[in-house]
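Please look over the sequence and the structure shown below. The paragraphs that follow lead the reader through selected parts of the model.

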Amino acid sequence: MADQQRTVSDAIVDRLVEWGVSRVYGYSGDGINGVLDALRRSEGGVDFVQARHEENAAFMAVGEAKYAGGVGVVLSTQGPGAVHLLNGLYDARLDHVPVVALIGQQHRSVLGSGYMQEIDLRTLFSDVAASYIAEVSTAEQVPMVIDRAFRAALASRSPAVVILPHDVQSEPEPEHPHEHGIVPSAATFDRPIVRAVDDRIAEAAALLGAARRPAFLVGQGAAGAVDEVVALAEHLGAAVITSLLGKPYVDERLPYAAGTMGHLGTTASAQVFAECDALLIVGSNDPWTEFYPQPGQAKTVQIDIDPRMIGNRSAVDVGLAGDAAATLRGLREAAAPASDPAWGERVRDVVRRWRDISAERAAVEAEPRNPEAAMRALNEHLPADARVALDVGSVVYWYARQLILPPGVPAHVSGTLASMGCGIPYGLAAKLTAPDRPVVVLSGDGGMQMTGLAELVTVASRWQRWPDPRFVIAVFDNRDLAEVSWEQREMEGSPPFEASQALPAVPYEEYARVLGLAGERVSAADDVDAAWQRAWAADRPCVLAIETDPATPMLPPLAAAGDKLEQMRSSLEAEAAEGGPQAARALRLLDAYVEIEERLGGV
């Protein structure tokens with residue numbers, strides 16, 4: 001830069017470095033070329049990660065923030081590139097993840113003329129970036145706008161958007177004189193440790209200490225309070241249940257860990273919620289409200305750093321706005337210990353029963369393979385330092401019910417938006433933020449066809465730079481959008497619409513080999529344990545295409561199923577009578593699953 005005048009774009013890149021940004025995800029285009037050129041010139045170590053599509057780049061930025069903490073940064077050009085970002089940015093907003101999007105725009109002189117690729121970016125992003133959206137109209141606004149975007153993203157745990165007209169990007173870097181109309185700024189953010197006030201903690205402790213059958217619901221807000229959750233649960237003799245996003249923050253090997261809640265949850269979680277008389281919600285905003293304890297059944301305490309979340313899903317008797325770890329420590333000090341072991345024994349019994357149920361369900365024969373068995377087999381092969389990226393679809397059910405994460409192994413999914421296609425983008429972010437740790441992506445064939453095939457190209461382009469090449473992509477290949485097929489049976493009482501549900505056959509493993517990766521198809525006759533072992537032993541990323549049965553039921557726990565079970569059975573019987581290709585097999589599997597749960601679960 002000695003012989004070249006510095007620009008606004010250089011100032012932007014410098015500010016990213018000050019904020020600790022080491023990667024920017026995105027795709028190029030003329031509207032953002034100034035910033036891209038500054039990234040090229042920069043000696044600050046900001047890596048540009050080129051995705052195959054801006055939506056996937058946004059997912060990668062979300063994954064960066066989820067796996068590494070801090071703020072994920074995504075970059076795109078104006079017009080179509082900007083529109084493509086929306087899905088990933090909504091994933092960030094709904095899962096409360098800080099992301100900053102730097103988006104190009106046409107020259108200021110043509111705005112309002114209906115110019116090529118000109119769209120109203122403020123209006124487009126006004127909802128998803130409600131915490132902060134700004135358009136840089138003068139050079140002097142940088143770095144103030146960048147700083148405010150990062151602080152807003154961190155404080156609100158949501159996306160912030162900075163719009164950068166093309167001509168502003170190339171203006172000379174301003175000197176920022178100390179005068180009226182110039183706002184100084186700094187790349188700094190301090191997060192307070194907030195603890196609920198003592199009298200509220202005492203009130204909550206008295207409520208929980210008086211309970212005979214306490215239970216916890218642990219969400220992703222407990223990520224920094226893993227030990228504190230265990231200490232208070234053991235002190236109170238409580239059962240511990242997790243939301244889907246909270247699953248990585250509870251060791252499910254604990255005898256009182258009843259697993260995940262909700263439609264995809266465990267029998268044990270449903271039974272505990274049906275019987276508990278007190279509920280402590282820790283950092284969870286899980287939307288499956290029909291699976292919470294019945295209204296009036298259980299006294300409820302909720303801890304959340306965001307006061308807006310308290311009482312958001314369930315009636316709450318005592319709300320504690322504060323940091324989870326600090327507040328849990330306060331409750332532990334103030335609450336009386338459990339005095340009656342009966343509830344603890346009951347919880348351990350239902351947890352043992354659930355473990356037997358999950359084992360027998362995985363052993364049920366299916367055609368060509370039970371997906372629960374394929375997921376359960378991973379337990380013996382998942383490295384203790386692995387990272388897990390999960391796509392959306394039926395694979396989430398098998399993950400929630402069959403995979404036991406080793407302590408400290410993070411696992412992330414598009415939890416609230418529940419967008420298919422997040423799997424490989426998340427996995428890439430997991431690997432790029434810790435290239436020395438192994439990664440597994442768990443995907444259905446729907447998610448793989450939506451974004452995964454394209455982003456395998458990104459994996460192939462980058463893996464040789466990783467000190468640990470282990471990157472396993474397991475595709476649960478059933479040639480069906482199975483979760484939606486089962487939702488149609490359960491919620492609509494209708495058979496699947498084959499034209500909308502059936503997926504074309506794709507040789508995922510062959511495509512991987514064409515790209516220079518490892519690939520293997522696991523058919524009915526193959527040993528899935530040995531396949532997992534070979535995939536982890538490969539000297540490069542490996543795609544396992546595991547053939548599974550779309551007829552495997554996605555049932556809610558029977559304790560919470562109500563009339564859904566009979567509606568599903570009636571739908572399958574009607575489907576079978578009309579010659580539905582999967583219906584007879586699905587009925588057999590449904591009856592087998594129900595028999596197991598009734599026999600072992602005491603339902």
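Does cysteine 276 count as buried or exposed? Cysteine 276 counts as buried, because its relative accessibility is 1%; buried means under 20% relative accessible area, exposed means over 50%, and partly exposed lies in between, with a 1.4 Å probe and protein chains only. Cysteine 422 is likewise buried, with a relative accessible area of 0%. A search of the whole structure finds zero disulfides, a disulfide being a pair of cysteine sulfur atoms within 2.5 Å.

The model is predicted: local features need pLDDT of at least 70, side-chain atom pairs count only at pLDDT 80 or more, and totals for chains, interfaces and linings use all residues. Residues are numbered from 1 along each chain as its sequence is written, and side-chain values use heavy atoms, with hydrogens and water left out.

The interior may be considered next. In soluble globular proteins, nonpolar side chains tend to be buried together. Here the largest nonpolar core has 165 residues, and those that touch the most other members are Phe125, Phe216, Leu280, Leu331, Tyr399, Leu442 and Trp532. Such a core is a set of buried Ala, Val, Leu, Ile, Met, Phe, Trp, Tyr and Cys residues joined through side-chain atoms within 4.5 Å. A second, separate core of 36 residues includes Val13, Ile32, Tyr132 and Val136. To return to phenylalanine 216, its contacts, leaving aside neighbours within four places in sequence, are Val229, Leu232, Ala233, Leu236, Ala238, Ala239, Val240, Ile241, Leu279 and Leu280; contact means heavy atoms within 4.5 Å.

Aspartate 95 is found in the loop between helix H5 (86-94) and strand E4 (99-105); helices (H or I, at least four residues) and strands (E, at least two) are DSSP runs, numbered from the N terminus. Aspartate 95 counts as buried because its relative accessibility is 0%. Its side chain makes a polar contact of 2.7 Å with the side chain of lysine 66. A polar contact is a pair of N or O atoms within 3.5 Å; within protein, one must be able to donate a hydrogen and the other to accept it, and residues adjacent in sequence count only if both atoms are side-chain atoms. Not counting residues up to four places away in sequence, aspartate 95 touches Lys66, Gln220, Leu245, Val413, Ser414, Gly415 and Thr416.

E4 and E6 pair in the parallel sense over seven bridges, two strands being paired if DSSP finds at least two bridges between them. Valine 99 has proline 159 as its bridge partner in E6. E5 (133-135) also runs parallel to E6 (159-165), and three bridges join E5 to E6; glutamate 135 has isoleucine 163 as its bridge partner. In a regular strand the side chains alternate between the two faces of the sheet. In E6 both faces are covered: Pro159, Val161, Ile163 and Pro165 are buried on one side, and Ala160, Val162 and Leu164 on the other.

E5, H7 and E6 make a right-handed β-α-β unit; a crossover is right-handed if, with the strands pointing away from the viewer, the path from the first strand over the helix to the second runs clockwise. Two backbone details belong to this region. The peptide bond from valine 142 to proline 143 is cis, with omega near 15°, and proline 143 is found in the loop between E5 and helix H7 (144-156). Arginine 157, in the loop between H7 and E6, has a positive phi near 50°. Arginine 157 counts as partly exposed, because its relative accessibility is 24%.

Another part of the structure holds an open sheet of six strands, with parallel pairing and the order E14-E13-E15-E16-E18-E17. E14 and strand E17 (518-522) stand at the edges, each with a single partner strand, so one side of each is left without a neighbour in the sheet. Within this sheet, strands E16 (471-477) and E18 (542-547) pair in the parallel sense over six bridges, and valine 472 stands opposite cysteine 542 in E18.

Between E14 (411-412) and H16 lies the loop that holds alanine 418. Phi of alanine 418 is positive, near 55°, and alanine 418 counts as partly exposed because its relative accessibility is 41%. Helix H16 (423-433), by contrast, is mostly covered, with 11 of its 11 residues buried, among them Tyr426, Leu428 and Lys431.
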